[in-house]
Amino acid sequence: MKTNRYIFVVAFLMILFYQDLKAQSRDKNWIRPANAKSEAMWGISNGIVFSIWPTGVEGGQEKTGGPRGLIRIGYENKGEIYLINFLAIEPVVNGKIEFSEISPSLVDNQWGKVMWAGENKTDTAYFAGAKTRGAILHPDSRHPEVEELSVYLFMERFKNGAHPYLRLFIRSDYPEELGIEVFNHSGSALMQRCAVTATMGNYSRLRKLYLKDKVVNSTDLYKEYDEIDFIEKESYPAARLWKAGNGDLIVVAESDEDFKSLSSWPQEKAYLDRAGWRYRPNLKLSQYWRKDVSEYDSSLMLRVNGRAKYWSGASRNKQDYVNIPGGPSFENFELREKYHSGQKLYYGITRKTAQQLLKEYK
């Protein structure tokens, strides 16, 4: 009897040990804060990573500042995380748009809304650290092995009365894609639109935009433009966007340069003084937005603008700017639609070329 009891105890401990190993194995690919006081950064190995101010995704940058009101978006490859873009939130109330990165904070009246994370939609109290490791969910009952890292992201109320919040999520079977759901607090002003926009396409020198019937090149669209401001022309309705075989809408943007050209940097003083704009990732990446077939209506459109010169703060002196090598590139890159609570879209960063990605969705 004692022998049987001993065998039972050993077997039970082995099961617990095995389950613990499985849990560690499942968790080892997730990039998560160790505890509430850790840096506010979440993501997945060989895929997408995001963080909020003041935590930078790349090598601990921006510890003492950097632009507030932006979600930093990075990509993890071979143990290194590289900053790729920023996402900003742009709510519209009564026709008035605000920009999360330049809307003044209620805390100190400086640019940029303060953002913080929570475990669930009721966990809204401000906390300066990570606060949550992120919930690990199982979104597909048919595939219980699939995990989803879920984080709620809260922010200050905007001056126009808008008070949105987001749920950001990454699925283990789609590591290069960030899911975004947009909600509003009960006291929020009625939002006509609440866009989430990728704001820094010129860092990756995105110039080729893949639509249903053509590829738009920014150097043609913004030909001969040489000023310091944004330039914007037309937007593209849903009917112009590439449709996948399952009905999803996808729009991809990529650089028209090869990796060697993209990662090079002019060896002139004006450029060396602004080397923060040099493309640092060790691979070339495409970026895209995707909208589920069941999640869009006729209000959906693609909006882009461009720049010929790298941003240089609020300076109006043209001498403070340098040209983007290779010519004008797309800067803001977003899908806009009429707002409804719970609207969902996906932003992706992928090592696939645009043609490879679109071929997968045929």
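Which residues does asparagine 305 touch, not counting residues up to four places away in sequence? The list takes in Tyr222, Phe230, Ile231, Glu232, Ser329, Phe330, Glu331 and Asn332, where a contact means heavy atoms within 4.5 Å. The model is a predicted one, in which local features need pLDDT of at least 70 and side-chain atom pairs count only at pLDDT 80 or more, while totals for chains, interfaces and linings use all residues. Residues are numbered from 1 along each chain as its sequence is written, and side-chain values use heavy atoms, with hydrogens and water left out.

Asparagine 305 itself sits in strand β19 (residues 301-307). With a relative accessible area of 3%, asparagine 305 is buried; here buried means under 20% relative accessible area, exposed means over 50%, and partly exposed is in between, using a 1.4 Å probe and protein chains only. Serine 235 is 70 residues away along the chain, yet its C-alpha atom and that of asparagine 305 are separated by 9.0 Å. Lysine 223 gives another such pair: its C-alpha atom is 8.6 Å from that of glycine 327, 104 residues apart along the chain. Lysine 223 belongs to the loop between α2 (218-221) and β15 (236-237), and at 60% relative accessibility it counts as exposed.

Stepping back to the whole protein, there are five helices and 21 strands; these are DSSP runs numbered from the N terminus, with helices (H or I) of at least four residues and strands (E) of at least two. The radius of gyration is 22 Å, close to the 21 Å that the globule rule gives for 362 residues, so the protein is as compact as a globular protein of that length. That radius is taken over C-alpha atoms, and the rule is 2.2 Å times the number of residues to the power 0.38. Of the 362 residues, 52% count as buried. Among contacts with a separation of 6 or more, 68% come from residues 24 or more positions apart.

Strand β17 (residues 249-255) is worth a look. Seven of its seven residues are buried, so β17 is largely enclosed by the rest of the structure. In a regular strand the side chains alternate between the two faces of the sheet. In β17 both faces are covered, with Leu249, Val251, Ala253 and Ser255 buried on one side and Ile250, Val252 and Glu254 buried on the other.

What does β17 pair with? Strand β13 (residues 206-210) runs antiparallel to β17 over four bridges, two strands being paired if DSSP finds at least two bridges between them. Here lysine 208 has glutamate 254 of β17 as its bridge partner. Strand β18 (residues 286-291) is also antiparallel to β17, with five bridges, and leucine 249 stands opposite lysine 291 there. Strand β16 (residues 242-243) joins β17 through two antiparallel bridges, lysine 243 standing opposite leucine 249. The hairpin of β16 and β17 has five residues between the strands, and glycine 247 takes a positive phi near 100° in it.

Most residues other than glycine have a negative phi, and most peptide bonds are trans. Asparagine 46, however, has a positive phi of about 55°; it is in the loop between β2 (41-44) and β3 and, at 44% relative accessibility, is partly exposed. Lysine 78 also has a positive phi of about 55°, lies in the loop between β4 and β5 (80-93), and is exposed at 72%. The peptide bond from tryptophan 53 to proline 54 is cis, with omega near 5°, and proline 54 falls in the loop between β3 (48-52) and β4 (71-77).
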